[in-house]
Amino acid sequence: METTVPVRDGELWADDSGGDGLPLVLLHPGVGDSTTWDPVLPALTAGRRVIRYDVRGYGRSAAPTVSYSLVEDLRAVLDHFGLARAVLVGSSIGGATAIGLALDAPERVAGLALVVPGVTGVDLMPPGFFEELEKLATVGDTEGIVRLGLGFWGRAGGSTPEADPVAAAALRAALPAWFSNYGRQEPGAPAYDRLGEITAPTVLALGEQDQPELVRVNEEMARRIPGCRLVRLAGSDHYPTLREPEAVARLIAELYAESD
């Protein structure tokens, strides 16, 4: 069921599959909106309650008009649906958001499935990315930005819109949020050096064709999180739900079975 969730000075689009039991909450990456979960959704909703939502400015959520916190908005989503606890599934920046809540309110996180996750407290942006982005944005070259992004994050699909139209569409749809959210998203508290405090069962999936620095940091994150299981996805870059949906759905289901 689609609904609107009120957040501080704004609102978010969300979808709740319904059902009983411990819910799964899906947090999308910055290189796409909640539709990036579509390939894994049928497997996840089989016998489970699944909630997903679009971050401000993405997909069907309105662009922010004031500064906002991703972790605060996640809390608002959980409160709106009356969820005392949930299993969080976060991809990229969604992973960073899930980690933020796991550190701030561990009693609300029954499990963590981190898919090519980001983390606050360490710079994971590719060198030179923002300089190239600014040049392309200045001349309004949207397709140039899509090519730039796929060159960094879409290597498994060929790195071009022609070779990889599905990932290109996901990235293209995210671009308005990159600009509307710039300067409004509050930086989360540094979490990288606090990963050892996480108590929830955790699995971390890295894409072996992702940015080398992110692969390295993901490996270190898995070492720092107590009991974390590291899964290497050989056919994935920064879009595992598009590249290897069966593997992603399976690891989420396995983590869910360990959570209570």
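## Contacts and basis

Among contacts in the chain (heavy atoms within 4.5 Å) between residues at least 6 apart in sequence, 74% join residues at least 24 apart. This is a predicted model, in which local features need pLDDT of at least 70 and side-chain atom pairs count only at pLDDT 80 or more, while totals for chains, interfaces and linings use all residues. Residues are numbered from 1 along each chain as its sequence is written, and side-chain values use heavy atoms, with hydrogens and water left out.

## Overall form

The chain holds 9 helices and 8 strands, taken as DSSP runs (helices H or I, at least four residues; strands E, at least two) and numbered from the N terminus. Its radius of gyration, taken over C-alpha atoms, is 17 Å, close to the 18 Å that the globule rule (2.2 Å times the number of residues to the power 0.38) gives for 260 residues, so the chain is as compact as a globular protein of that length. Buried residues, meaning those under 20% relative accessible area with a 1.4 Å probe and protein chains only, make up 56% of the 260 residues.

Helix α7 (residues 212–224) reaches 19 Å from its first C-alpha to its last, close to the 18 Å expected at 1.5 Å a residue, the expected span being 1.5 Å times one less than the number of residues. Its buried residues, including Leu214, Val215 and Met221, pack against α3 (93–104), β7 (202–207) and β8 (229–233).

In helix α9 (residues 245–258), which has 14 residues, the buried positions include Pro245, Leu251 and Tyr256.

Note on methods:
Buried means under 20% relative accessible area, exposed over 50%, partly exposed in between (1.4 Å probe, protein chains only).
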